[in-house]
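Colleague: Can you walk me through this one? I'd like to start with the ligand.

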Amino acid sequence: MNAVNSRLDAEVGVVGVGTVGSMLMWQLARRGVRALGFERHAPGHDRGAVGGETRLFRMAYAEGARYTGLLRSALAGWRELEAEADASLLVQCGGLAIGDRDGDYVGGLLASARESGTPVEVLDRDAARERYPQHRLRGGEVAVLDTQAGFLRCEPAVIAATTLAEQGGATVLRYTDVDGVAERDDHVEIRAGADVWRVRDVVLCAGSWTGRLLPAEWERLLEPRRVRLNWFAARRPEQFLPDRFPIFIRSTGDMHLYGAPSVDGVSVKVAGMALSQPVDPDRFDRRHSPDEIAGAAAVVRDLLPGLHPDPVRSDAFTDLFTTDGTPLVGRIGRTGRLTVASGFSGRGFKYSPALASVVADAVVRGTEGALEFMSPQRLAREGGPAST
Ligand SMILES: Cc1cc2nc3c(=O)[nH]c(=O)nc-3n(C[C@H](O)[C@H](O)[C@H](O)COP(=O)(O)OP(=O)(O)OC[C@H]3O[C@@H](n4cnc5c(N)ncnc54)[C@H](O)[C@@H]3O)c2cc1C
């Protein structure tokens with residue numbers, strides 16, 4: 001061991017042990033890398049992008065076939081995490097994409113499924129009504145069934161990954177709020193209050209707070225947003241359990257909606273997709289305004305007649321969005337010792353184990369990583385800050 005290594009507190013520091021940070025800690029531990037995680041709350045908490053019991057998992061992905069490799073690896077990754085943690089985290093109950101037969105959403109999804117070889121079944125309005133009477137389809141709408149889709153149990157997943165990391169030798173400092181990181185020539189310093197830790201590499205996985213740890217010019221490309229969720233009581237709960245009610249995304253005209261089956265046997269989660277607003281992640285209102293509630297109730301009354309239209313529960317969370325909606329994953333800064341893995345723009349839970357695996361490989365090998373389309377350099381090319 002040289003002089004610098006002997007002074008290091010760990011090989012890799014992970015700032016933020018939320019979704020991606022917990023998966024990264026687990027992946028680093030699997031590779032025998034000594035990692036030190038910093039989390040201002042405790043893993044699995046609900047003040048960032050985790051919370052509300054479930055996250056959707058999809059294979060047929062309208063966002064494009066470039067995500068296919070990541071999604072396939074993620075499916076394997078979730079099963080590995082379940083096996084190692086002895087926990088049930090991914091329920092593949094299927095997923096419906098509902099929209100106009102000739103619209104952009106269904107068209108894009110079918111094109112992406114064709115290109116990636118992902119099997120899907122197209123149900124016309126009558127077939128969809130027959131099989132999934134919970135949804136009221138409008139004229140011209142179809143439902144596309146993705147049998148590999150389903151939902152993830154988000155809080156247990158983060159806790160499982162963190163626990164496995166700690167069992168594998170990692171250290172997670174809970175209730176430790178990092179104030180800043182500073183690159184030195186042969187290490188990186190992580191500062192929290194009066195304490196300083198030295199590590200060889202740092203990965204910033206701080207979700208909505210990532211911009212605060214980056215040079216100021218990055219902040220204008222990153223936007224923490226408030227994302228609302230509502231739960232509605234089912235008139236006949238058995239119709240909304242995972243064996244009868246797949247996850248769904250519905251996108252027609254300017255109406256964008258998604259939901260998951262009931263996991264408590266009482267309520268069903270339904271949320272609007274395009275309704276997130278920029279916020280200060282430390283000071284946003286988790287309550288929904290009367291107008292927000294009325295809007296959600298009107299949509300449910302119209303499209304999901306098996307649910308009582310007044311929500312029985314409403315909450316709000318935050319996630320970090322980038323200006324182009326694509327995550328920010330890759331090296332940043334002047335020494336090559338700083339990596340960012342953030343900006344998942346409302347979609348990052350489903351592929352987090354696979355993404356963490358790619359980041360872990362890149363950090364361990366000292367390479368750029370295999371996700372060029374997510375690289376910080378692309379934003380630099382589009383007029384963002386130069387990234388070396
Ligand atoms: C309501 C909602 C619904 C969503 N639905 C889906 C879905 O159905 N499917 C899907 O795939 N994705 C979904 N997403 C997106 C997905 O959940 C996020 O993209 C993903 O969880 C982001 O992970 P992250 O690790 O970047 O952030 P987080 O999970 O928020 O983790 C960041 C962590 O960093 C910690 N932290 C921040 N700053 C510091 C600091 N200075 N010091 C120490 N710790 C710090 C925070 O406390 C937090 O724990 C949804 C997001 C939201 C908000």
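Predicted model: local features only at pLDDT ≥ 70, side-chain atom pairs only at ≥ 80, totals over all residues.

Modeller: Start with Glu39. An N or O atom in its side chain sits 2.6 Å from an oxygen atom of the ligand. That is a polar contact, meaning a pair of N or O atoms within 3.5 Å.

Colleague: How far is the polar side-chain atom of Asp319 from an oxygen atom of the ligand?

Modeller: For Asp319 the distance is 2.7 Å.

Colleague: How much of the ligand does the protein bury?

Modeller: The protein buries 97% of the 1,000 Å² that the ligand exposes when taken alone. Those areas use the Shrake-Rupley method with a 1.4 Å probe.

Colleague: Which residues come nearest to the ligand?

Modeller: Of the 33 around it, Thr19, Glu39, Leu56, Asp319 and Lys350 come nearest. Around means a heavy atom within 4 Å.

Colleague: Switching to Thr19. Buried or exposed?

Modeller: Thr19 is buried, at 13% relative accessible area. Buried is under 20%, exposed over 50%, partly exposed in between, with a 1.4 Å probe and protein chains only.

Colleague: What does Thr19 touch?

Modeller: Leaving out residues up to four places away in sequence, Thr19 touches Val50, Val158, Phe349 and Ser352. Touching means heavy atoms within 4.5 Å.

Terms used
Residues numbered from 1 in each chain as written. Heavy atoms only, no water. Polar contact = N/O pair within 3.5 Å; in protein donor to acceptor, adjacent residues only side chain to side chain.
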